[in-house]
Amino acid sequence: MRQLLMAALVFFTVASGTHAEVTLTFYSHHFGTYGLGITFPHAYVRLTGTTKADAKPVNANFGFTAQTISPSIMWEPVEGYVISMPDDYMATSQPHLSLPISDEQYRSVLALVERWRKFSQPSYNLDSKNCVTFVKEIAIALRLPA
């Protein structure tokens, strides 16, 4: 019986490795408060799963927001940054679209995130470089209609 259970465990371990993939989910979050401040970002992405090439576990999320939320964001660019949100923020967010992505697409998303992290400051612009344009660029990088 032990040998049968061990064989089943090995089979399912090997079989599950062939289905390794990363899933990208687009989220939105309503405007309100979180902790002691106003919630941002309103749009962000989450990556979960396992890469196929090296079976690396993936669990990350990325959004883009202003460093400081103040009225000045309405009329001038301000400092911006890529942020990852905690689980309780994501639990109150709305997932909209989930899709499996290849390892190559996963690396493209990470490269785009890194590019946004390195923008010269001030980088956040309410009209042209914000949380929505950040996820839009990710969608375009994945060749999704955006």
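Predicted model: local features only at pLDDT ≥ 70, side-chain atom pairs only at ≥ 80, totals over all residues.
**Exercise 1. Helix H4**

Determine which residues of helix H4 are buried, what they pack against, and how the helix begins.

*Solution.* 
- Step 1: Take residues 131-141. Cys131, Thr133, Phe134, Val135, Ile138 and Ala139 are buried.
- Step 2: Find their partners. These buried residues pack against strands S1 (22-28), S4 (43-50), S5 (57-66) and S6 (80-83), and against helix H3 (103-117).
- Step 3: Check the N-terminal end. Asn130 caps H4 there, with a side-chain oxygen 2.9 Å from the backbone nitrogen of Val132.
- Step 4: Look just past the helix. Arg143 takes a positive phi of about 65 degrees.

**Exercise 2. Asp103**

Work out which side chain of opposite charge is nearest to Asp103, and what Asp103 contacts.

*Solution.* 
- Step 1: Asp103 belongs to helix H3 and is buried.
- Step 2: The nearest side chain of opposite charge is Arg107, 4.7 Å away. The cut-off is 4 Å, so Asp103 has no salt bridge.
- Step 3: Look for a polar partner. A polar atom of the Asp103 side chain lies 2.7 Å from the backbone nitrogen of Ala53.
- Step 4: List the contacts, leaving aside neighbours within four places in sequence. They are Thr51, Lys52 and Ala53.

**Exercise 3. Trp75**

Decide whether Trp75 is buried or exposed, and name the surface patch residues.

*Solution.* 
- Step 1: Locate Trp75. The loop between S5 and S6 holds this residue.
- Step 2: Apply the cut-off. Trp75 has a relative accessible area of 59%, which is over 50%, so Trp75 is exposed.
- Step 3: Name the patch. Met74, Trp75 and Leu126 form a nonpolar surface patch, with about 380 Å² of accessible area together.

Conventions: Residues numbered from 1 in each chain as written. Heavy atoms only, no water. Buried < 20%, exposed > 50% of the residue type's maximum accessible area, 1.4 Å probe, protein only. Helix = DSSP H or I, 4+ residues; strand = E, 2+ residues; numbered from the N terminus. Contact = heavy atoms within 4.5 Å. Polar contact = N/O pair within 3.5 Å; in protein donor to acceptor, adjacent residues only side chain to side chain. Lys, Arg positive; Asp, Glu negative; His and termini not counted. Patch = residues over 30% accessible without salt bridge, like charges linked within 9 Å, V, L, I, M, F, W, Y side chains within 5 Å. Areas by Shrake-Rupley, 256 points an atom, 1.4 Å probe, with all protein chains shown as cover.
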